[in-house]
Amino acid sequence: MSDPTILYPVSNTSREEFLAERKKQKNFITGMRFFILIFILAGWEIAARYHLIDAFIFSSPTRIFKVMLQMAADKSLFYHIGITIGETLVSFVLVLIIGTLIAMLLWWCRSAADILEPYFVVLNSLPKTALAPILIVWLGNNMKTIIVCGVTMAVFSTIINLYTAFIHIDSDKLLLIRTLGGTRRDILRYIVLPASISAIVSNLKVNIGLCLVGVIIGEFLAANAGLGYLIIYGSQVFRLDYVMLSIIILCILAMVLYQLLYFVEKHYQKKQ
Amino acid sequence: MKPLLDLTDVNYTYQTAEGETPAVKNLSFRVFPDHFLGIIGPSGCGKSTILSLIAGLIQPNSGKIAVSAEIGYMLQKDHLLDWLSIKDNITLGPRIHHKLTPEKESWADKMLEEYGLAPFADARPGQLSGGMRQRAALIRTLALSPGLLLLDEPFSALDYQTRLTVSDDIYRILRTQHMSAVLVTHDISEAISFCDRIIVLTSRPASVKKTFDIHLTLDEDRTPFKARMAPEFKDYFNEIWGELNV
């Protein structure tokens, strides 16, 4: 008895069909994303209108929208957003500068890196929020505290990440500079820094979020302006509309800042 | 004639946490002007260590290394830097020494022109083929005008066909510039086709096991490719093969 012959089915999907199918799938995903957003907003609004939830403590989309218009009219909204963005960007730039400089120094002096490693590991795993109250005592109830709060949030992980990137560069590339008669300084300038730019840029993407977290924590404790201040103020005087509005703006802000750096990264990669 | 390079009883031992590894033992040889020396040996016998010693990247534990020429070192891979253009890559040496003069720049342009890389002067290394990259790496090494070139398996990363062409190119460049070379390789044919003298090393720790002077009968000017057609080629090959496998 011979084995039965199996005939495989053919699939002659045309290019057009394939593309149409892909487009359909993409539209479905985008559509579902919007649907979820609308579903949540509508559900929230209806629940508040029909007193399923207490609009006084849960607020509602229309109430938030009204508060937003009102705060936009007296410009206080832009003031608070501007303060938070400004503080975040300053701490973000400080993290970039301080982190890169310290990582460079550690690369330069390997013994220092080995000695300090456990300290950096501890500082990095420490919940940085625990430092905020001390910062207020040390630096006072002002913007300096908030910016330092943002810096402490991201600077230790930046140092560790960049130092790791620096020491993992192909050692043959370092040998190349030495065969050309170069010194450690030349290695840093021609190899280590340029080879680490992609590591630095992708680190920025993480840092912007961390700095924002640090700044909001700082504003919770030591501020009279900014979105973090608005959240604390709103919850203390039971104006939950303020709180919800601030949180929504923070969501948008975090997304915009992240996307901005994402484009920076894409632009850099394209240039390479 | 005064040798460009003279090694006498050189010893070198690697120290690591696990222990010490003698890499070079009582090694002596010389390289004269306009001479190409091939160093061949079993893999892991310390060939690259010898080049590092000659280049002064590491210091011998004992023995004497006398060098009377500027040394250029060409590594196994081209290591062109992705973040620099080809022109900037080949002028990296002078740039490091703060000697990037207009004369050097025009020299670089001339070299790029001569070796078919002129259209790629502003390109990134990623846009070049393997053979072109290796030529660019050679020009980079030559930019510091060395008199003695150290070549560490410079063709091994290339496919066979490119390897024969690039080998011919580099041979021609070195001959016209009247340079000497030390070529480290594990490829017997490559060594015979390229070199005037070949030393076969013992397994680690490396010392000279046997020296071969290569004399090939050729009707025309020698190139590594034509050298492979010489009647003596096969005999040298068999002899060296025998030495390596005793």
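Good morning. In chain B, residues 24 or more positions apart account for 72% of the contacts with a separation of 6 or more; two residues are in contact if their C-beta atoms, placed from the backbone, lie within 7 Å. For chain A, 72% of the contacts between residues at least 6 apart in sequence likewise join residues at least 24 apart.

A word on the basis of these values. This is a predicted model, in which local features need pLDDT of at least 70 and side-chain atom pairs count only at pLDDT 80 or more, while totals for chains, interfaces and linings use all residues. Residues are numbered from 1 along each chain as its sequence is written, and chains are lettered from A and ligands numbered from 1 in the order in which they are written.

I continue with chain B. Its secondary structure comprises nine helices and nine strands, where helices (H or I, at least four residues) and strands (E, at least two) are DSSP runs, numbered from the N terminus. The radius of gyration of chain B is 18 Å, close to the 18 Å given by the globule rule for 246 residues, so chain B is as compact as a globular protein of that length. That radius is taken over C-alpha atoms, and the rule is 2.2 Å times the number of residues to the power 0.38. The C-alpha atoms of chain B fill a box of roughly 50 × 50 × 35 Å along the principal axes.

And chain A? Here there are twelve helices and zero strands. Chain A has a radius of gyration of 26 Å, whereas a compact globule of 272 residues would have one near 19 Å. Its C-alpha atoms fill a box of roughly 90 × 75 × 40 Å, taken along the principal axes.
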